[in-house]
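Biologist: I have a protein on my screen and would like to walk through it with someone who knows the coordinates. Could we take it one question at a time?

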Amino acid sequence: MRTYKGRKMLIAVTATAAVTALLLSGCGAVQKESGSGTPSASPQVSPQTTPETSSEPNASPEPLNKQSVESVIYSVDEQSMELTERKDIIEYSDETELISNAMDALKADPEAGSVSLWKNVPVHSVKLAEGIVQIDISITDEARVGAEGESRMLESLQKTMFQYSFVEGIEVYIDGEKSDSMLGHMGLDYPMVRE
């Protein structure tokens, strides 16, 4: 009877030790306290999450290297005869984004008394390759502004883009294709270069 009682006692002690070990280890998550060398109970385990950088649920973090530059954006007076200038602060993280944001500013509504001839021109893409700005656009009926207007459109584009020293040339593509002319009046060079 003594061996039976000893086995029963051994099983009870082993079971108690196993339960205690599981409770202390947090279901297997054991961590060592710094310096002590003995395991301690770990804090409650929660799912891994990426730290949020904004309180908005879908906000993407702002790049750390954002810069801004004051740029001159060109439009025309209400009679589409003379170029007008406005200063705009353009934020960017690289030269391609600067060019793209400058194009957005060129299309934006200017101050009272001026008109953006690029406002009704859909821009499909703006790229920068080895100093050449490549702009792919479509021409809508609203964008057709005659020979004088086309001349001012190209002039405003060139003056806006060539203010940046890294821009060596500009190429305008119509629906992804090279074209002899943007609106049928003025010839397009590939690339247009500084004068």
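What follows is a conversation about the fold, the sheet, the helices and some side-chain pairs.

Biologist: Let's begin with the overall layout. In what order do the elements run from the N terminus on?

Modeller: Happy to start there, and please keep in mind that this is a predicted model. The secondary structure comes to three helices and nine strands. From the N terminus on, the order is α-β-β-β-β-α-β-β-β-α-β-β.

Biologist: Which residue in β7 is the bridge partner of Lys127?

Modeller: Strands β6 and β7 (residues 132–137) run antiparallel, and six bridges join them. Strands of a sheet pair through backbone hydrogen bonds. In β7, the partner of Lys127 is Gln134.

Biologist: What covers the buried residues of α3?

Modeller: The buried residues of α3 include Gly149, Met153, Leu157 and Phe162. Their cover includes elements from several parts of the chain: β3 (67–77), β4 (83–92), α2, β7, β8 and β9.

Biologist: Arg152 and Glu155 form a salt bridge; which residue joins them in one network?

Modeller: Both residues lie in α3, three residues apart, about one turn of the helix, and their side chains meet at 3.1 Å, N to O. Arg152 is buried at a relative accessible area of 16%, whereas Glu155 counts as partly exposed at 27%. Salt bridges that share partners bring a further residue into the network, Glu148.

Biologist: How many residues apart are Glu97 and Lys66 in the chain?

Modeller: These two form a salt bridge, with the closest N and O atoms 2.9 Å apart. Glu97 sits in helix α2 and Lys66 in the loop between β2 (39–41) and β3, so the pair links distant parts of the chain. Glu97 is partly exposed at 23%, and Lys66 is partly exposed at 31%.

Biologist: Are Glu70 and Lys87 buried or exposed?

Modeller: Their side chains meet in a salt bridge of 3.9 Å, N to O. Glu70 lies in β3 and Lys87 in β4, so the pair ties together parts that are 17 residues apart in sequence. As for accessibility, both residues are exposed.

Biologist: Which side chain makes a polar contact with the side chain of Ser114?

Modeller: Ser114 lies in strand β5 (residues 114–115) and counts as buried because its relative accessible area is 17%, under the 20% limit. Beyond residues up to four places away in sequence, it touches Ser75, Val76, Asp77, Glu78 and Thr84. The polar contact, at 3.0 Å, is with Thr84.

Biologist: Last one: which side chain makes a polar contact with the side chain of His124?

Modeller: His124 is in strand β6 and counts as partly exposed at 46% relative accessibility. Its C-alpha atom is 8.6 Å from that of Gly176, 52 residues away along the chain. Leaving aside neighbours within four places in sequence, His124 contacts Asp136, Ile137, Ser138 and Asp175. The polar contact, at 2.5 Å, is with the side chain of Ser138.

Definitions and conventions: Residues are numbered from 1 along each chain as its sequence is written. This is a predicted model: local features need pLDDT of at least 70, side-chain atom pairs count only at pLDDT 80 or more; totals for chains, interfaces and linings use all residues. Side-chain values use heavy atoms; hydrogens and water are left out. Helices (H or I, at least four residues) and strands (E, at least two) are DSSP runs, numbered from the N terminus. Buried means under 20% relative accessible area, exposed over 50%, partly exposed in between (1.4 Å probe, protein chains only). A polar contact is a pair of N or O atoms within 3.5 Å; within protein, one must be able to donate a hydrogen and the other to accept it, and residues adjacent in sequence count only if both atoms are side-chain atoms. Contact means heavy atoms within 4.5 Å. Two strands pair if DSSP finds at least two bridges between them. A salt bridge is a side-chain nitrogen of Lys or Arg within 4 Å of a carboxyl oxygen of Asp or Glu.
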